[in-house]
Amino acid sequence: MKDILVLGIESSCDETSVSVVKNGREILSNVIDTQIPIHEKYGGVVPEIASRNHIEAITRVTKKALEDANVEFKDIDVIAPTYGPGLVGALLVGLSYGKALSYALNKPLVGVNHIQGHIAANYITHKDLKPPFLCVLISGGNTQIINVQDYTFFDLLGKTRDDAIGEAFDKIARVVGLGYPGGPKVDKLAKEGTANIKLPKTHFENSLDFSFSGIKTAVINTNHNNPNIKKADLCASFEKAVTEVLIENTKQAIKETNTTQIAIAGGVSANSYIRNAFLNLENEFNNLKVYMPDLKLCTDNGAMIASAGYYNFINGNINNLDLNAVPNLKI
Ligand code: KG4
């Protein structure tokens, strides 16, 4: 069978990324142009500034992706931009660029759900991973437990009722003075601390849903009321508490579905404490295999979008040029 090269285009938040992936699993190039230094001084992503920077970067990043992969536009079989969820102005840049390429080059357009992309990062890292499996999606915008029944067929088992876990990491980092983006900084500082501060953990009866707003507020108040508290202890305690909630709901989902495969995905799946906690599940459940993306594929990138685009394409999910950005797109 002929190889299929997919050009994945990601611009849903603060990374402009374009990638060429072969047959959904092999990265030929993955260029990531991050805007973190630009947004750092505002303490978070400023949507309008993100859109403008995507426009400035998209052509340069695409050229570099083709160059790194040693291919030309004519060699690409499918154009796969993210069309949601994300910041609408940011999404529109990558999507419009993808639509223009699809029209000009006469190549099929395949829109990709960003969440599906995060899940697909696991297909690139683990060539043997095939659905069905459970995916715990932990990112800046989402926290979900998803039953991945097939490459393009998903069942949502649980989700956050308020903040995404990454949002909580970023907020806590800001409160204790670590800056943006907070996740990696909390991860690092927590290693120097002890999880000795009691924080509230939210569980819902008969539900796999999450809530992180209570613990976020508790950390803010604890920090405010105890100015001399060790920030490292606060970070370690927060990390431990949110991980316990994630693991508890995941165990419940494993029992309910009898799955033998579980994956984590999204920016927060780069967290070292969380990665260890999930790996430990292999010791608790017979026959359970735990998967996680390479660190560089956890946060937003074009390769994961290209991989998901490949599976959409071979399953016949091709879009027309009237495809629009959907900021609150669901899985
Ligand atoms: O997946 P992602 O790049 O964006 C979305 O699709 O939402 O995730 C970004 C989130 C941010 O909240 C960031 O702080 C968090 O992932 N993150 C981490 C780590 N690395 C990134 N959170 C905890 N520990 C990390 N090592």
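Modeller: Happy to! Let's start with Thr143, which is buried because its relative accessible area is 0%; buried here means under 20%, exposed over 50% and partly exposed in between, using a 1.4 Å probe and protein chains only. Bear in mind that this is a predicted model, where local features need pLDDT of at least 70 and side-chain atom pairs count only at pLDDT 80 or more, while totals for chains, interfaces and linings use all residues. Residues are numbered from 1 along each chain as its sequence is written, and side-chain values use heavy atoms, with hydrogens and water left out.

Thr143 sits in strand β7; strands are DSSP runs of E with at least two residues, helices are runs of H or I with at least four, and both are numbered from the N terminus. A polar atom of the Thr143 side chain lies 2.8 Å from the backbone nitrogen of Ile165. Leaving aside residues up to four places away in sequence, Thr143 touches a set that includes Leu137, Gly158, Ile165, Phe210 and Leu246, where contact means heavy atoms within 4.5 Å.

Now for the sheet. Its 5 strands form an open, mixed arrangement in the order β8-β7-β6-β9-β10, and two strands pair if DSSP finds at least two bridges between them. At the edges are β8 (153–159) and β10 (289–291), each pairing on one side only. From one strand to the next, the twist averages 25 degrees. β9 (residues 261–265) runs parallel to β10 and is joined to it by 3 bridges, and Ile262 has Val290 as its bridge partner in β10.

Across β6, β7, β8 and β9 lies helix α8 (residues 231–257), running at about 160 degrees to β6; axes are lines fitted to C-alpha atoms, for helices over the stretch in contact, and angles run from 0 to 180 degrees between N-to-C directions.

That brings us to the largest nonpolar core, with 45 residues, in which Ile165, Phe238, Leu246 and Phe278 have the most contacts. Such a core is a set of buried Ala, Val, Leu, Ile, Met, Phe, Trp, Tyr and Cys residues joined through side-chain atoms within 4.5 Å. Elements giving it two or more residues include β6, α5, α8 and β9, and α8 gives the most, with 12 residues. Apart from this core lies another, of 32 residues, among them Ile4, Tyr123, Phe133 and Ala303.

Technical notes: A polar contact is a pair of N or O atoms within 3.5 Å; within protein, one must be able to donate a hydrogen and the other to accept it, and residues adjacent in sequence count only if both atoms are side-chain atoms.
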